[in-house]
Amino acid sequence: MSSLRKSDKKKVLDFAAWSFNISTSVGIIMVNKALMGTHGFSFATTLTGLHFVTTTIMTIVFRWLGLSQPSHLPLSDLIKFVIFSNLSIVGMNVSLMWNSVGFYQIAKLCMIPASCLLEVVFDHVNYSRDTKLSIMVVLIGVAVCTITDVSVNAKGLIAAVIAVWSTALQQYYVHFLQRKYSLNSFNLLGHTAPAQAGSLLLVGPFVDFLLTGKRVDHFGFTSIATFFLALSCFIAIGVNLSQFICIGRFSAVSFQVLGHMKTVLVLSLGFLFFGKEGLNFQVVLGMILAVVGMMWYGNASAKPGGKERRSVLPVRSEKLALDEKDGGEK
């Protein structure tokens with residue numbers, strides 16, 4: 001009876017973590033679409049740096065309130081994490097600029113097999129046939145509803161490869177560091193957010209100038225643009241925190257697979273709020289396939305043998321899991 005209650009409790013917390021991540025991620029995409037598309041703030045890398053500034057402030061406040069305990073993360077691991085994360089952010093922005101939207105979407109889909117390979121090589125994870133097939137269905141579904149024109153060039157391909165592998169490594173490293181050093185999401189963000197904020201604000205304006213030909217210090221802020229900028233930074237706290245919670249509770253692969261629910265929701269909300277242009281049978285079919293694949297993956301990976309991990313790293317303690325739960329609910 002006790003084990004059943006624990007199982008039910010875990011399912012509720014898992015659902016809450018995914019809901020937190022999906023709602024904040026979809027929210028920030030819609031806000032950023034208004035900020036960048038409507039109000040012309042096209043400085044994506046600098047914006048991400050500002051996101052980590054507000055996240056850093058959140059971690060400082062939580063530590064001051066006693067909601068986050070002191071922890072240790074070696075400088076070498078912190079540097080590697082920041083390099084992976086910043087390469088991921090810059091790489092995705094450059095990939096979008098140098099490639100067609102279709103090839104950019106293909107590159108994003110490649111993150112799932114890249115994450116799978118990292119788990120197989122470093123954590124000795126075995127996937128069942130159903131789990132592999134469900135991942136394929138998700139990939140096909142998202143590809144069908146998002147990929148249109150596909151063109152590629154040499155520098156765009158290099159940017160895409162860097163973006164894919166740096167993102168896969170960053171997400172794998174989130175899970176790795178939490179397990180290796182018994183860090184919860186608040187602890188890990190407390191170490192990484194300040195370093196990412198400083199580094200991105202340092203290089204962000206130069207990267208954005210390279211991508212857009214515009215200087216962020218010359219942007220004409222209006223009251224409504226400032227409002228959307230502040231709202232984006234506020235929602236980013238939830239995005240960054242929920243990403244660490246989800247990857248810590250599950251894995252980088254599960255985060256990527258089930259995270260494509262955000263793609264489906266963003267497309268649906270885009271058609272709802274910004275017009276039905278582009279909505280056709282192919283898009284609807286792709287959405288249905290993707291959702292079916294996600295449901296199949298959730299069921300297949302949860303079964304015995306669906307996804308077996310034989311890692312030498314220590315498993316997080318029950319106390320840490322409870323800390324994670326308390327953090328996610330606040």
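Predicted model: local features only at pLDDT ≥ 70, side-chain atom pairs only at ≥ 80, totals over all residues.
The chain contains 12 helices and two strands. Read from the N terminus, the order of these elements is α-α-α-α-α-β-α-α-α-α-α-α-β-α. Of the 330 residues in the chain, 50% are classed as buried. The accessible surface of the chain amounts to about 16100 Å², of which 70% is contributed by carbon and sulfur atoms. Among contacts in the chain with a separation of 6 or more, 89% involve residues 24 or more positions apart.

Helix 3, spanning residues 75–98, packs against helix 8, spanning residues 185–212. The two axes lie 10 Å apart and form an angle of about 30°. Because angles under 35 degrees count as roughly parallel, helix 3 and helix 8 are therefore assigned a roughly parallel arrangement. The crossing of helix 3 and helix 8 is right-handed. On the side of helix 3, the contact is formed by Leu78, Phe81, Val82, Ser85, Asn86, Ile89, Val90, Asn93, Val94 and Met97. Helix 8 contributes His191, Thr192, Ala195, Gln196, Ser199, Leu200, Val207, Leu210 and Leu211 to this contact. Classified by residue type, the contact between helix 3 and helix 8 comprises 12 nonpolar and seven polar residues, with no charged residues.

Terms used. Residues numbered from 1 in each chain as written. Heavy atoms only, no water. Helix = DSSP H or I, 4+ residues; strand = E, 2+ residues; numbered from the N terminus. Buried < 20%, exposed > 50% of the residue type's maximum accessible area, 1.4 Å probe, protein only. Contact = heavy atoms within 4.5 Å. Areas by Shrake-Rupley, 256 points an atom, 1.4 Å probe, with all protein chains shown as cover. Axes fitted to C-alpha atoms, helices over the stretch in contact; angles between N-to-C directions. Parallel < 35°, antiparallel > 145°, perpendicular 65-115°, else oblique. Left-handed = near helix turned anticlockwise from the far one by under 90°. Nonpolar A, V, L, I, M, F, W, Y, C, P; charged D, E, K, R; others polar.
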